[in-house]
Amino acid sequence: MLEVQGLQKRFGGVTAVADGALTLREGELLSIIGPNGAGKTTLFNLISGLEPPDAGSVRFQGQDITGAVPEALAALGIARTFQHGRVFGNLSVLDNVLVGAHTRLRAVKPALPLLGPLLEMALAALRPPAVRAEEAALRRDAEQILARFGDRLLPRLHQPAFSLSYANRRRVEIARALALRPKLLLLDEPTAGMNQTETAEMQEVVADLKRSGLTILLIEHKLEMVMRLSDRVLVMDNGRRIAEGLPQQVRNNPAVIEAYLGHRHAGAEPVS
Amino acid sequence: MSAWFDYTVNGFVIGNIYALLAVGLALIYGVANLVNFAHGSVYVVGAYIGWAAITHLGTPLPLTLLCVVVVCALVGVAIERIGLRALQGSSRIAPLLATIGIGLVLDQVVQLVWSPDPRAVPMQVPEWRIAIGGGTIGALDLLIAGIGCSSAAVLYGFLRFTKLGWAVRATAQDSDAAQQMGVDINRVNMAVFAIASVLSGISGLLVGMYYNQINPAMSFEATLKGIVALIIGGLGNVPGAIAGSLILGLTESYGIALFGTSYRNLFAFVLLVAMLLWRPNGLFAPRRAAAPEPMVGTFIARSLPVKLPRWVVPVVLLAAALLPLLNQPYLLQIGANSLMYAMLALSLTLVAGTVGQVSLGHAALLAIGGYASGLLALDAGWPVALAIPAAGLITAGLGTALVWPAFRLTGHYVSIATLGIGEIVSLVILNWTGLTRGAIGLGGIPPLELFGVDLGSVQGTYWLCLVVLVLLALLQLRLLSSHLGRTWRAIRDDSVAARSHGVGEDRYKALAFGYGGFAAGISGAITAHVYSYINHETFGASLSVLALTMVILGGMGNVLGAVLGATLLIALPEAFRALAEYRILIYGVVLLLLIRFRPQGLMGTV
């Protein structure tokens, strides 16, 4: 479904990603792990169109999407979350999720120059029954997505996102990404800053998404979660892949222990 | 050939003057990530302090300079205290707005103390000129070049060899890290503001001597020219700012030689917009697609809109509709004025508040609307009732097209670009004599009428404005409650995240500017028909700042707030007519107090 080959990205003199390569099959969950600064998030940014790569190619469902802008990728069904959480602070929880459903709105579909936007504005002002029905359906859908997080978000539907706890903002972000009805979901450290209970909950949510057949690319530092959820694990260090395979294989790979797991023996439990 | 030599010398001298301005702006930007919009006001303060010292105290040149240095350093410290330090931790647009407010206050204080009339600065430099290769260089030229070059040298030494200079450079690189290492950021900021203000003040004094004339209105142009030079060199790049200033000075000088004086500023602003489009990081930075966004964190103050009891709006509306029955023409006049400004505020609260594009050139939309409607009625013979909506549509289209290239910019850059675009519009109106009658202005614009019904009376104007405003406000509320509202606000809160969810920024910014242009165009058109005469100065830059103050007073993005803000700022000064002289000063102080103590405005941000 997703094929990444030879991606490169340099910032000034620093090479963030030297050779990004991965393949992801439909319905698979691939985790990317590696020490801080290994280039995981940059790789995400290259795949999701936030930064243009210096070299290499990205293909999604057979289509070349190298260097495509994020809004085009969203239209193709690629959704992502951000490492430090980027909710729309002044929007309510519900509105945040509805923005995620933006590409599904019929009113935004016509791409005709000038006429398309004007039509969209007219529909927004007049709101014929079809538009109202669509909005109501999206709202129900958004509430269903939020229900995945139990009672964490549903009671706070109309609260502005800035008033939420950090963990809840991360949940809103995932709900927003799901509202896009993605074919591919990129999760960048979904459990960062969460305590054990919250992490366990999040793990359950991701497992649930995987069971529903969603293809997921996951960056995560909490290894226990990675080992449980992943079909395959890719280990990065210094901008390149140093190992890839089944969770068990990766765990026992000496290069990986050296680069990443080795830190454990130094007394540094991987912190999020 | 000799003329060209003179133009070169002139360009170089002007460039040196701009450099004194731009270096300060670059230093401030470097440490505080802030474009100081009060910079030109300090320049005016410097000019007037110098003038006062010479004429009242009879100081010789070195002493005059010393007076300027001391006073301007103090003003700089004050700007840092009020505009920066007091606003730590507030929304990221706050310091920028605060410097605009401080600039207004300084300009008004200068005007109240020394009157708005131009003053002649006595020449304190010998009048001899040396003839070189057919051209001449005067003592003043040499003095300006000398002060320019020596300031640069002193600054270089300061930044390079003193401990405070290191602290400044460290803060510019990473203020958090500098603070961790024990650098007192507040002291660094204060020093930088003081130095920058001193340079700006000296620049003002030298300009006064060079042109032998000063007036309080020159602050706006000085700020703009400094910013243009800064952008050419790259924000925060001190050597770049010097190079940018010389380039700007020479461009202007040669431009005047080729096309005449009235095009002078046009060159500067076209250069500005071109730089923002093609090299937003300056001539000396490697080209990058996206301009760096210095302002991180919340864009507007986080708040919930104030909820009014349901009956308030209908009751106020009814009272407003019945106001003409009181038969008080003066009151109605103020009412009609407030309503026209409220349309402008509606437009700006959408663009600046809802979408987060803080436009500083919004008055240009009024100008386009006013001229479009006036010309349609005068030259094409359209009935007023058709000319006004047509002017709204023309403004929507033209305004959006003009700002379109700036859509990829963010934060400060949007404000600077819209400021420049606004000035370009006004200069085009001045120079396109064939269409706009140029400096003579547009006279004899027919009064308001609706298909034969004369609305030229005060009552007629008032009722028309009220109906139009209510319609525009309802439409805006309707759009805000649709998917467009949340999409616009999503772009404002985090454009990257919005794009990642399929929101094409250009499309939604264009829709916002289109609707904003429509509302502002209608406002400008009605104004033109009420005034019956407009020229290129009717809708000046101060109007843009006034509109922004209204929007902030009401609460960014808040429709009711915009109407309330406009009404308060137009009606209240009328209620205290004894204070008419202090009106703009009051606006400035209101702006500053709001930003500090109620950043969400009266009605709350939306």
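A residue is taken as buried under 20% relative accessible area, as exposed over 50%, and as partly exposed in between (1.4 Å probe, protein chains only). At 5% relative accessibility, N189(B) of the predicted model therefore counts as buried. N189(B) belongs to helix 8 (residues 185-211) of chain B, helices (H or I, at least four residues) and strands (E, at least two) being DSSP runs numbered from the N terminus. Apart from its neighbours within four places in sequence, N189(B) is in contact with V31(B), A32(B), E80(B) and L84(B), where contact means heavy atoms within 4.5 Å.

Residues are numbered from 1 along each chain as its sequence is written, and chains are lettered from A and ligands numbered from 1 in the order in which they are written. As the model is predicted, local features need pLDDT of at least 70 and side-chain atom pairs count only at pLDDT 80 or more, while totals for chains, interfaces and linings use all residues; side-chain values use heavy atoms, with hydrogens and water left out.

Between the two chains, 34 residues of chain B are in contact with 38 residues of chain A. The buried area of this interface is about 3,200 Å², of which 58% comes from carbon and sulfur atoms; buried area is the accessible area (1.4 Å probe) that two parts lose on being put together, summed over both. Of the area that chain B buries against chain A, 26% is supplied by R486(B), H501(B) and R507(B), more than by any other three residues. Four salt bridges are found across the interface of chain B and chain A, a salt bridge being a side-chain nitrogen of Lys or Arg within 4 Å of a carboxyl oxygen of Asp or Glu. A salt bridge also joins the side chains of R86(A) and D494(B), at 2.7 Å from N to O.

Within chain A, the axes of helix 3 (residues 93-100) and helix 5 (residues 129-147) come within 10 Å and cross at roughly 110°. Axes are lines fitted to C-alpha atoms, for helices over the stretch in contact, and angles run from 0 to 180 degrees between N-to-C directions. Helix 3 of chain A and helix 5 of chain A are therefore roughly perpendicular to each other (65 to 115 degrees; under 35 counts as roughly parallel, over 145 as roughly antiparallel and the rest as oblique). V93(A), L94(A), V97(A) and L98(A) of helix 3 make the contact with E135(A), L138(A), R139(A), A142(A) and L146(A) of helix 5. These residues divide into seven nonpolar, no polar and two charged, with Ala, Val, Leu, Ile, Met, Phe, Trp, Tyr, Cys and Pro counted as nonpolar, Asp, Glu, Lys and Arg as charged, and the others, Gly among them, as polar.

R139(A) and E135(A) also meet in a salt bridge (4.0 Å, N to O). Both lie in helix 5 of chain A, four residues apart, about one turn of the helix. R139(A) is partly exposed at 34% relative accessible area, whereas E135(A) is buried at 17%.

Over all chains, the whole structure holds 28 salt bridges. In the pair E201(A) and R171(A), the closest N and O atoms are 3.9 Å apart. E201(A) lies in helix 7 (residues 196-211) of chain A and R171(A) in helix 6 (residues 166-178) of chain A, so the pair ties together parts that are 30 residues apart in sequence. E201(A) is partly exposed at 31% relative accessible area, and R171(A) is buried at 3%. A network of salt bridges links R25(A), E28(A), R232(A), R241(A) and E244(A). For E28(A) and R25(A), the closest N and O atoms are 3.4 Å apart; E28(A) is buried, at 7%, and R25(A) is exposed, at 52%.
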